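This report is written for a reader who is meeting this structure for the first time. Please look over the sequence and the model below before reading on.

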Amino acid sequence: MRFTIKLKLALAFGVMIILLAGTAGFGVFSLGKLNETISDVIKGPAKRLELAQAANISLLEIVRAEKNLVLSTTPDERREYTTNGDNARKLLADDLSQGEDLASEKNKPDWAKLKDEATSLEQVDDQVRAAAEAGDKAQATTLSIGQGRQ
């Protein structure tokens, strides 16, 4: 059988179209896998990192409220800083609970340890609050810069 130019061109274009379709199919499949992988990263490690950063921010807000409470001079200021501290405590507890829920089995003990340390911080913060409410700034300052830093 003789291959005419017409047949050769048709075969060449047919092969090119098949190769192009194969490449397009492989590209679509690869993009689907990439999308799945990125979604897993966003739901897993990135979310845990976001929660850890949010917990850190909440912790800093608790400490800021505590320091402001020690330096406050009026009952209104003390009430405001106590409310700020309570809000930050709630956010910290929520972040730590969510982080522990999302953590891998290997990292769950770390999140549990953070929850225990947050409980210790709250106990010291309660003592600082009590001293500040009683008007004992020296005791509140001692607690804040002593046990509060541990």
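## Starting point and basis

N84 has its place in helix α3, where helices (H or I, at least four residues) are DSSP runs numbered from the N terminus. At 37% relative accessibility, N84 counts as partly exposed, a class that lies between buried (under 20% relative accessible area) and exposed (over 50%), computed with a 1.4 Å probe on protein chains only. The C-alpha atoms of N84 and V41, which are 43 residues apart along the chain, are separated by 33 Å.

This is a predicted model, in which local features need pLDDT of at least 70 and side-chain atom pairs count only at pLDDT 80 or more, while totals for chains, interfaces and linings use all residues. Residues are numbered from 1 along each chain as its sequence is written, and side-chain values use heavy atoms, with hydrogens and water left out.

## Helices α3 and α4

Two packed helices are described by the angle between their axes and the distance between the axes. The axes of α3 and helix α4 (residues 108-133) come within 10 Å and cross at roughly 170°; axes here are lines fitted to C-alpha atoms, for helices over the stretch in contact, and angles run from 0 to 180 degrees between N-to-C directions. That makes α3 roughly antiparallel to α4, given that angles over 145 degrees count as roughly antiparallel, under 35 as roughly parallel, 65 to 115 as roughly perpendicular and the rest as oblique.

Contact means heavy atoms within 4.5 Å, and the α3 residues that meet α4 include R78, D86, R89, L92, L96 and E100. On the α4 side, the residues include W111, K115, A118, D125, R129 and E133. By class, the contact of α3 with α4 has 7 nonpolar, 4 polar and 13 charged residues, where Ala, Val, Leu, Ile, Met, Phe, Trp, Tyr, Cys and Pro count as nonpolar, Asp, Glu, Lys and Arg as charged, and the others, Gly among them, as polar.

A search of the whole structure finds 9 salt bridges, each being a side-chain nitrogen of Lys or Arg within 4 Å of a carboxyl oxygen of Asp or Glu. In one of them R78 pairs with E133, with the closest N and O atoms 3.8 Å apart. Because R78 lies in helix α3 and E133 in helix α4, the pair ties together parts that are 55 residues apart in sequence. R78 is buried, with a relative accessible area of 16%, whereas E133 is exposed, at 51%. Leaving out residues up to four places away in sequence, R78 touches L69, S72, T73, A132 and E133.

The side chains of D125 and R89 also meet in a salt bridge, at 2.9 Å from N to O. D125 lies in helix α4 and R89 in helix α3, so this pair ties together parts that are 36 residues apart in sequence. D125 is buried, with a relative accessible area of 2%, and R89 also counts as buried, at 12%. A network of salt bridges links D86, R89, D125, D126 and R129.

A further salt bridge joins E100 and K115, whose closest N and O atoms are 3.0 Å apart. It links distant parts of the chain, with E100 in helix α3 and K115 in helix α4, 15 residues apart. K115 is partly exposed, with a relative accessible area of 30%.

## Nonpolar cores

The largest nonpolar core has 10 residues in all, among them L51, L92, L96, W111 and A118; such a core is a set of buried Ala, Val, Leu, Ile, Met, Phe, Trp, Tyr and Cys residues joined through side-chain atoms within 4.5 Å. The elements that give two or more residues to this core are α2 (45-71), α3 and α4. Leaving aside neighbours within four places in sequence, L96 is in contact with A55, W111, L114, K115 and A118. A second, separate core of 9 residues includes V128, A131, A140 and L143.

L102 lies in helix α3, which covers residues 75-102, and is partly exposed, with a relative accessible area of 36%. Apart from neighbours within four places in sequence, L102 is in contact with K47, R48 and L51.

Helix α1 (residues 5-43) and α2 pack at an angle of about 25°, with their axes 3 Å apart, and that makes α1 roughly parallel to α2. In this contact D40, V41, I42 and K43 in α1 meet P45, A46 and K47 in α2. The residues divide into 4 nonpolar, no polar and 3 charged.
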